[in-house]
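Take a walk through this model with the structure open beside you.

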Amino acid sequence: MKIKFVEELVGITRKNLRFYEEQGLLNPQRAENGYREYEEADVHRLMQIKLLRKLGVSIEDIRRVFDGKLSLCDCLDRHQEELERQKESLTKMQAVSDQLIASHVSLENLDTESYLNQIEQIEKEGMDFMDAGKEDIRKRKRAGAVIAGILMIVLMLIPAAAIIWATKAEQVPISVIVVFTVVPIAMAICILVALIGRIKEIEGGEEDEASKY
């Protein structure tokens, strides 16, 4: 089976498939032409992965189950414990939010120190609140994409700028002008379009992040 058919059959994207392969959860055969050939066993494995990810089981635990280092029941028992912990943390967050709402507070009379102390005490008991000091990974990804995109565009435009400058000094064949100006400019535009699409993808939430699968 070709990858496009598997995408439609299982209901996951090509990025999912590549990601699972990179994580060692899937190992499709290769045809003579180098293309992946998916078999029924691969589709069955993908359905198992999809089910476990829908339940929120981590990639690491799924890998342990597939490697025989952890039974499915033990995996789900551990996951249930984690879900209970998360549920309790969410309940605590909701309780603090309820207090704020019931107090009819505004920014002007909000006793932030008191509430922060209350949250810190709850965290010491093992509950998790949002980490205010955690860096937004999207900012780094955005910056990386923009820097790489701009660098590639500059590299593409350098030959075009050089040939335009050269035409002022001497006659340059039209074919050379086309190759060293039109082609780099067209490639620069393609890179810009790809960069915009990449930024939109990052802003929308990367579907190839393990936490999103």
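Helices here are DSSP runs of H or I with at least four residues, and strands are runs of E with at least two; both are numbered from the N terminus. The model is predicted, so local features need pLDDT of at least 70 and side-chain atom pairs count only at pLDDT 80 or more, while totals for chains, interfaces and linings use all residues. Residues are numbered from 1 along each chain as its sequence is written, and side-chain values use heavy atoms, leaving out hydrogens and water.

Start at Asp-61. This residue sits in helix H4 (residues 59-66). Is Asp-61 buried or exposed? Buried means under 20% relative accessible area, exposed means over 50%, and partly exposed lies in between (1.4 Å probe, protein chains only). Asp-61 has 11% relative accessibility, so it counts as buried. Its contacts (heavy atoms within 4.5 Å) include Leu-70, Cys-75 and Arg-78, leaving aside residues up to four places away in sequence.

Across the whole structure, the search finds 0 disulfides. Cys-190, by contrast, counts as exposed, at 53% relative accessibility.

Now look at helix packing. Axes are lines fitted to C-alpha atoms, for helices over the stretch in contact, and angles run from 0 to 180 degrees between N-to-C directions. Angles under 35 degrees count as roughly parallel, over 145 as roughly antiparallel, 65 to 115 as roughly perpendicular, and the rest as oblique.

Helix H1 (residues 3-10) packs on helix H2 (residues 14-22) at about 100 degrees, with the axes 9 Å apart. H1 is therefore roughly perpendicular to H2. H1 brings Ile-3, Lys-4, Val-6 and Glu-7; H2 brings Arg-14, Leu-17 and Arg-18. These contact residues divide into 3 nonpolar, no polar and 4 charged. Nonpolar covers Ala, Val, Leu, Ile, Met, Phe, Trp, Tyr, Cys and Pro; charged covers Asp, Glu, Lys and Arg; the others, Gly among them, are polar.

Helix H5 (residues 72-102) and helix H6 (residues 112-124) cross at roughly 165 degrees, their axes coming within 11 Å. H5 is therefore roughly antiparallel to H6. Lys-92, Val-96, Gln-99 and Leu-100 of H5 meet Tyr-115, Gln-118 and Ile-122 of H6. This contact has 4 nonpolar, 2 polar and 1 charged residues.

Definitions and conventions
Disulfide = S-S within 2.5 Å.
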